[in-house]
Amino acid sequence: MTPRGDGFAFPPRRPAERLGVAVVRDMVELIVTGQLAEGQLLPPEGPLSEHFGVSRTVVRESVKRLEEKGLVVVSQGRGTQVARVGSWNMLDPIVLSALIDNDESLGVLDELTVVRGSLEAAMAAGLASRRTPEELTRVEHALASMREIRHETDSFRQADVVFHFTIMELSRNRLAENICKRLYRRAMESDRFHGLTYQSAFESTLDEHALVVDAIARRDVAGAERAMRDHIVTSWQRRRLEGPPG
């Protein structure tokens, strides 16, 4: 019989490892997808243990991990409740991956683009304001590497990542760099993030990156900020919706 708790019925069990991280991942997905809704009480340890095929100790530790991620609130005498979305640690790798993987509307990736665009724009502006000749050379080299491997999709994507990470690292904004890298790495794992492609994708990306580099070279703080934000937002919109006409 499928265990129940507080009006919740578990979906059929999947043939997968049910220990440690696997249990946490399954619980995260149940919460992120709303199968365990905000304010809902988790079933007791017994039914959870039976469903996942693990000991109560593993269940107890898994719930602690969920609490650390901000997904549940454990109250003495009340039980364990699913926390409100605003309390979730969205930068946690497991939580962010589950959000993106189950994001049919692409709303999470839209939000990610806004946040990433703002932070990377600020980092590009910071670099433009105080870059050294050596730092400019590193950025120019990253762009040149992309030009050399255009039309090789996988290699081009990796070079694209190197370009963005180079600017992040040279910006000296450690907090923004850390947040952006977490967002970027998790997004790159999703096919939805890569989205649609079109014939002139390589050239559009190179042209937009060149605008960023040019602004940094000229120490144009506002221009670097604008060019980076525009690139990130428009690049996502191209992939999200449809490629430009032939």
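Residues are numbered from 1 along each chain as its sequence is written, and side-chain values use heavy atoms, with hydrogens and water left out. In this predicted model, local features need pLDDT of at least 70 and side-chain atom pairs count only at pLDDT 80 or more, while totals for chains, interfaces and linings use all residues.

The whole structure holds 18 salt bridges (a side-chain nitrogen of Lys or Arg within 4 Å of a carboxyl oxygen of Asp or Glu). One of them joins Arg 192 to Glu 104, with the closest N and O atoms 2.8 Å apart. This pair links distant parts of the chain, 88 residues apart: Arg 192 lies in helix α9 (residues 191-194), and Glu 104 in the loop between α4 (93-101) and α5 (107-130). Helices (H or I, at least four residues) and strands (E, at least two) are DSSP runs, numbered from the N terminus. Glu 104 counts as exposed at 65% relative accessibility, whereas Arg 192, at 26%, is partly exposed (buried means under 20% relative accessible area, exposed over 50%, partly exposed in between; 1.4 Å probe, protein chains only).

Within helix α8 (residues 174-188), Lys 181 and Glu 177 are 4 residues apart, so about one helical turn separates them. Their salt bridge has its closest N and O atoms 2.8 Å apart. Lys 181 is buried at 11%, and Glu 177 is buried at 16%.

Val 74 has Thr 80 as its bridge partner in β4.

Terms used
Two strands pair if DSSP finds at least two bridges between them.
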